[in-house]
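These are my notebook entries on one structure, taken in the order in which I looked things up. I began with the ligand and then turned to a sheet, the aromatic rings and the backbone.

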Amino acid sequence: MKPSDAVARILGERQGNLPRGGAVATAFAPSNIALCKYWGKRNVRLNLPVTASLSVGLREYGSKISLSLQEGPADRVELNGQPVLPGSAFYRRFAGFLNLFRVKSEKGAWPVFAGIHMNLPVGAGLASSACGFAALIQALNQWLDWQLDETALSILARFGSGSACRSLWPGFVEWQAGVREDGMDSHGIPLEVVWPDLCIGLLVLSAAEKPVSSREAMLRTVETSRLYQQWPARVAQDLEKIRQAIWEKDFVLLGETAEVNAMMMHATMRAAQPPVDYALASTAAAIEKIRRLRAEGLLLYFTQDAGPNLKLLYCRQDRPIVEAHFPAVVTVLPFAG
Ligand code: PMV
């Protein structure tokens, strides 16, 4: 099955809907940080994961997107006020996703102007593609009057980027792997639980584009890393612990498990051929500092995605101490306010 077949199945006759002329559709989606990672696909075309994963949304940090009709033959995209070049990877990925929803006979019949605003560094392992595709699918839902529920939108967002299926909701979201070949059971599910004292600290060490995409790194790991065989069993254990930590508000269990899970994911990719290593010297130095502060009694943990930046985990009462030790950190309270 191809993504376009799955789209046709979900949209049915609505696939022929045209944008509401003149109208602008706007949607926002938060970025999400996985506490138990998604790493490896069982179906590359449909972005179906080998395992489940679990994330927390970054509330006000994410992507806002406005869509309107574009005069002329081609889509026009702006990111934070700057034109995105038509030949760029970003543009092609964006237009390729839109083409899934422009039925064949009318492909290109409604070129789009998309104004995207992201308040996170793009392509630096801060889940900018996740919030980008989640916002885009919600804007399309309004603009094309699909009236789909969040579960269906989560499945559609998954075709843009796997982790986008977790950005449809704020707070904790589990992406259930599903077992179906068509992927209709592989989507996000929000957890009805809040944790007002939980802090996520964004520690941006480099905002440069990552040298290897997560897509490529994941493929290479699954195909060549001898450590990957151990990954699914690891995730099953870690997910169990993270769920328990969330329900019991056990911060140490959450921090320890999320940190080990991230380190294991990076170990699988460093064992790939050729190896993938996203860490910079500054990443290693920050990790050492976190470990030293923890040895001195501070409850501070970290997680790392497909990039050199770290996301720190701490509780609200320790926020001033963490910010004093890491002046560049941006604290996000996913559940407060
Ligand atoms: O959704 P993708 O293809 O950008 O992959 C995301 C992979 C990680 O961020 C490393 C892990 C995750 O679960 O978000």
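I counted as a polar contact a pair of N or O atoms within 3.5 Å; within protein, one atom must be able to donate a hydrogen and the other to accept it, and residues adjacent in sequence count only if both atoms are side-chain atoms. The model is predicted, so I noted that local features need pLDDT of at least 70 and side-chain atom pairs count only at pLDDT 80 or more, while totals for chains, interfaces and linings use all residues. Residues are numbered from 1 along each chain as its sequence is written, and side-chain values use heavy atoms, with hydrogens and water left out.

**Ligand.** I found 14 residues around the ligand, the closest being Tyr-38, Ser-161, Ser-163, Arg-166 and Ser-214; a residue is near if one of its heavy atoms lies within 4 Å. A backbone N or O atom lies 2.9 Å from a ligand oxygen in the case of Tyr-38, and 3.4 Å from a ligand oxygen in the case of Gly-162. Arg-166 places a polar side-chain atom 2.7 Å from an oxygen atom of the ligand. Of the 380 Å² of accessible area that the ligand has on its own, the protein covers 91% (Shrake-Rupley method, 1.4 Å probe; for residues, only the protein chains shown count as cover).

**Sheet.** I then traced an open, antiparallel sheet of four strands in the order β11-β12-β10-β13. Strands are DSSP runs of E with at least two residues, and helices are runs of H or I with at least four, numbered from the N terminus; two strands pair if DSSP finds at least two bridges between them. The edge strands, β11 (301–304) and β13 (330–332), each pair on one side only. Strand β10 (residues 198–203) joins β13 over three antiparallel bridges, and Gly-201 stands opposite Thr-331 of β13.

**Rings.** I searched the whole structure and noted seven aromatic pairs. Rings of Phe, Tyr and Trp (its six-membered ring) pair if their centres lie within 6.5 Å, with planes under 30 degrees apart counted as stacked, over 60 as edge-to-face and the rest as tilted.

**Backbone.** I recorded a cis peptide bond from Gln-273 to Pro-274, with omega near -10°, and Pro-274 is found in the loop between α7 and α8. Asn-47 is not a glycine, yet has a positive phi of about 50°.
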